[in-house]
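Reader: I have a chain open on my screen and a few questions about it. Can we go through them one at a time?

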Amino acid sequence: MSDAQYQAIIEILDFEIHRKDMIILGAILKSQSGPTSYVDFETIRAQLEIDEGGRKGKDSLVYRSLSWLEKAGFIKVDRSEHKHGYNSDVGLIHRVFRKAMKEAAQEIKSEIRDLDSEIEVLTKMNSEDLGEEMISLAAGKHKIEKPVFAVGCEDVFQLIDDKVYSYLEKGDIVRFSLEWLNRSDMITPVRVEGIGYLLENGIIFQGLEHNRIDKEQQDLLKKFTLFFREQGYQPGFRIYERKDATYQFVGRGDEGIVLIVSESPISATWIPRSSNPELVDNAIETFDADYDAGIDIAEERSN
């Protein structure tokens with residue numbers, strides 16, 4: 001390894017050789033007669049005078065450096081006599097550098113992860129959307145959110161993740177119509193775990209079904225509901241029978257809904273309230289009325 005590489009590493013570790021602490025460490029090493037010997041304060045001061053061309057510096061500054069060197073692990077201090085003794089050796093210095101290199105590597109890895117996240121955000125960012133947002137901010141206007149459409153089970157769930165779950169805060173309500181979940185493979189362990197994480201962070205789930213899915217699927221939904229209740233959370237799952245069809249959606253408070261528009265193939269659209277307040281409000285009002293009149297899943301199955 002070249003001198004330049006060594007110097008770069010020393011600078012990364014913040015142990016620059018010309019730093020006062022390092023000069024005092026050098027004075028201790030030069031003053032020792034051997035690796036196990038200790039030197040007193042006056043001996044260190046005398047060596048500093050040689051090393052610094054007649055300047056020894058203030059005692060208080062030297063003591064401060066000695067204290068730092070001991071705390072960092074570069075030196076040992078013998079306090080058994082009136083005059084303290086100071087010692088350093090290759091083993092001590094090796095341990096300090098090994099620890100410092102490990103911590104520096106972890107810090108650099110953390111910075112790289114942060115940079116990777118920022119790069120990912122930038123690569124996914126649509127420059128046109130960013131431009132519109134900047135214009136809106138500069139003009140003092142709020143950007144009008146646009147509807148988004150998805151087809152296929154995975155894309156629909158991704159839409160729910162992006163438009164509902166990603167924006168939730170503690171105390172927010174998620175209204176979840178359940179009858180479009182008509183296949184057992186729609187309820188995967190990963191999705192259940194995701195709901196558990198949201199419940200843990202104070203999100204309120206209200207599930208509603210109109211007694212239209214088969215008993216097996218209903219029992220599966222009940223199983224997960226009771227599982228979360230046993231963990232101390234209170235997800236809602238109510239059944240309200242009605243003859244006419246109604247909205248199937250997953251809603252983020254009163255800010256918007258992912259509306260299920262077809263079950264074969266499964267497709268949905270995100271409708272922010274700003275784009276269609278009448279539809280969103282009507283869907284939420286209908287849901288709330290049915291939910292309030294519904295029977296809890298535990299009571300329904302016990303009858």
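Predicted model: local features only at pLDDT ≥ 70, side-chain atom pairs only at ≥ 80, totals over all residues.

Reader: How many helices and strands are in the chain?

Author: Eleven helices and ten strands. Both are DSSP runs, numbered from the N terminus: helices are H or I with at least four residues, strands are E with at least two.

Reader: What share of the residues counts as buried?

Author: 36% of the 303 residues. Buried means under 20% relative accessible area, exposed over 50%, and partly exposed in between, with a 1.4 Å probe and protein chains only.

Reader: Next, helix packing. At what angle do α2 and α4 pack?

Author: Helix α2 (residues 20-31) and helix α4 (residues 59-72) pack at about 85 degrees, and their axes are 9 Å apart. The axes are lines fitted to C-alpha atoms, for helices over the stretch in contact, and angles run from 0 to 180 degrees between N-to-C directions. That makes α2 roughly perpendicular to α4; the label covers 65 to 115 degrees, with under 35 roughly parallel, over 145 roughly antiparallel and the rest oblique.

Reader: Which residues meet there?

Author: From α2, K20, D21, M22, I24, L25 and I28; from α4, V62, S65, L66, W68 and L69. Contact means heavy atoms within 4.5 Å.

Reader: And by class?

Author: The contact of α2 with α4 has eight nonpolar, one polar and two charged residues. Ala, Val, Leu, Ile, Met, Phe, Trp, Tyr, Cys and Pro count as nonpolar, Asp, Glu, Lys and Arg as charged, and the others, Gly among them, as polar.

Reader: Backbone now. Which residues does the cis peptide bond join?

Author: S264 and P265, with omega about 0 degrees. P265 sits in the loop between β8 (256-263) and β9 (266-272).

Reader: What is the phi of N211?

Author: Near 60 degrees, a positive value in a residue other than glycine. Most residues other than glycine have a negative phi, and most peptide bonds are trans. N211 is in the loop between β5 (204-209) and α9, and is partly exposed at 31% relative accessible area.

Reader: Last one: where is F227?

Author: In helix α9 (residues 215-230). F227 is partly exposed, at 39%.

Key
Residues numbered from 1 in each chain as written. Heavy atoms only, no water.
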